Structures are given as C-alpha cells and as structure tokens.
Amino acid sequence: VLALDLSTSTGWALLEGEPGKIPKILETGTIATDRPVSEFGEFPWNTLLAAWDISNRVMALVRRCVGIDAIVIEQTNKPGRFGNRYSQKLLEFIHCTLLDSLQPFVSASHDRPKVIYVNTSDWRKTVGATLTKADKALNIKVRKLKTAGDKEGLKKLGVRGKISKKHVAIRFVNQTYNLRLKANDDDIADAFCQG
C-alpha cells in the first residue's frame with residue numbers, strides 16, 4: 001500500500017501487510033515543491049502549476065513503487081474557520097491533477113493498484129489516534145497558562161503548546177513502530193495512519 005497525505009508537503013508511506021493488521025514499513029518520505037506557490041506565476045495559474053508540480057513528483061514515486069495493490073489518499077476536509085480559500089483550492093487542485101495522472105495508470109490493466117480515499121475521522125478512529133483525557137486536561141492547563149501569559153508555568157509543565165491531532169498521530173506511529181518522528185514529520189505520520 002502506498003499511503004499519501006497530499007499537500008504541498010506530501011507525506012507518504014509504503015507499507016506491506018495483511019489488511020486490518022499493523023503493516024511493515026518499507027519506506028517513507030515527503031515530497032514538496034522546491035519553491036513557494038507565488039513563484040509559479042500569477043493566480044490562478046500559479047495554483048494550477050504548483051499542483052501539477054506536486055502531482056508529477058508523486059507520480060514519479062507511484063511509478064517507482066512497482067507491485068503496489070492500493071494507493072490510499074486522505075479525503076480533503078472542509079477548511080476550519082481560519083482556513084484559507086487559496087490553500088484549499090491548491091489542495092483540491094493537487095487531488096484533481098494527481099487523479100488525472102493516475103487514471104490512465106490505474107486503468108491500464110486489471111492488476112494495477114486501486115485508488116482508495118479514506119476519511120480523516122475514520123483513520124483516526126481505526127488506529128485510535130485521538131486525544132486522551134490526559135491530553136485534554138493538559139490542553140486546558142496550557143490554554144490557561146498561555147492566556148495568563150505565564151511562560152514560566154509552561155516551562156514547569158514541560159510543554160510548548162497544546163497537544164493536537166497531529167501530535168497524537170505522531171505518538172501512535174512512534175509507539176507502534178518504535179520510531180522517533182518529530183513534530184515536523186506529521187505528514188509522514190498521517191500517511192502511516194491512513195495506510
């Protein structure tokens with residue numbers, strides 16, 4: 001299974017194993033554009049060109065992963081209240097251009113990989129990557145300390161900020177595979193969990 005957390009910094013994981021069981025890690029990584037979206041030209045063309053750039057890089061990975069049974073992609077989500085319409089558009093364009101590239105590849109013969117979309121809430125529930133009661137309690141303390149401007153209190157607590165869903169995915173992967181992924185490896189951790 002090739003699992004993809006599509007974005008301008010696409011996390012990916014190549015996994016092997018039986019469905020429903022913890023798979024073996026074959027390889028992981030990230031695929032990113034080599035420049036900001038603004039450097040691809042003027043809107044809307046910069047968005048389209050940046051999406052094609054990521055899609056072409058992902059397709060190079062797909063072609064290299066000979067013999068995969070499935071390509072798992074995380075479903076896009078509605079942006080939060082602080083979401084950016086241009087970021088969302090870029091994300092949707094990345095999905096569209098990748099599917100456009102994958103379509104002839106996966107329909108070329110019957111033994112090509114299936115493309116499977118998975119909802120974020122589904123994979124989080126399946127792997128148990130959710131905030132615990134202790135996480136939620138810690139987040140309440142952190143919020144109070146930050147609101148009060150108590151940097152010393154945060155230092156004593158031993159945290160920089162609240163525990164997010166991204167942190168929980170990293171924790172799951174690190175505990176499951178005995179790895180040491182860091183906060184900036186969140187795209188890879190998400191891909192693991194999706195797979």
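Predicted model: local features only at pLDDT ≥ 70, side-chain atom pairs only at ≥ 80, totals over all residues.
Student: Good. Which residues of helix 1 meet helix 2?
Tutor: On the helix 1 side they are Thr47, Leu48, Ala50, Ala51, Trp52, Ile54, Ser55, Val58, Met59, Val62 and Arg63. Their partners in helix 2 include Leu90, Phe93, Ile94, Leu98 and Phe105.

Student: At what angle do helix 1 and helix 2 pack?
Tutor: The angle is about 40°, and the axes are 8 Å apart. Angles under 35 degrees would count as roughly parallel, so helix 1 and helix 2 are oblique to each other.

Student: Is the crossing left-handed or right-handed?
Tutor: Helix 1 passes helix 2 in a right-handed crossing.

Student: Switching to pockets. How much space lies in the largest pocket?
Tutor: About 820 Å³. The lining of that largest pocket is made by 32 residues, and Val1, Glu18, Pro19, Pro23 and Gly195 lie nearest its centre.

Student: Which element gives the most to that lining of the largest pocket?
Tutor: Helix 3, with four residues. Other elements that give two or more residues include strand 2 (9–16), strand 5 (114–118) and helix 6 (165–177).

Student: How many residues of each class are in the lining of the largest pocket?
Tutor: There are 20 nonpolar, six polar and six charged residues in the lining of the largest pocket.

Student: What about the second largest pocket, how much space lies there?
Tutor: About 450 Å³ for the second largest pocket. Its lining has 24 residues, with Leu6, Ser7, Glu74, Gln88 and Leu91 nearest the centre. By class, the lining of the second largest pocket has six nonpolar, 12 polar and six charged residues.

Student: Which helix gives the most to the lining of the second largest pocket?
Tutor: Helix 2, with six residues. Helix 3 and helix 7 each supply at least two residues to the lining of the second largest pocket as well.

Student: Now the backbone. Is the peptide bond from Phe43 to Pro44 cis or trans?
Tutor: The Phe43 to Pro44 bond is cis, with omega near 10°. Pro44 sits in the loop between strand 3 (24–32) and helix 1.

Student: Last one: what is phi of Asn178?
Tutor: Phi of Asn178 is near 55°, a positive value in a residue other than glycine. You'll find Asn178 in the loop between helix 6 and helix 7.

Terms used
Residues numbered from 1 in each chain as written. Heavy atoms only, no water. 1 Å grid on protein atoms, 1.4 Å probe; cavity = no way out; pocket = protein on both sides within 12 Å on 5 of 7 lines; lining within 4 Å. Points joined across faces, edges and corners; volume = space filled by probe spheres on them. Nonpolar A, V, L, I, M, F, W, Y, C, P; charged D, E, K, R; others polar. Axes fitted to C-alpha atoms, helices over the stretch in contact; angles between N-to-C directions. Parallel < 35°, antiparallel > 145°, perpendicular 65-115°, else oblique. Left-handed = near helix turned anticlockwise from the far one by under 90°. Contact = heavy atoms within 4.5 Å.
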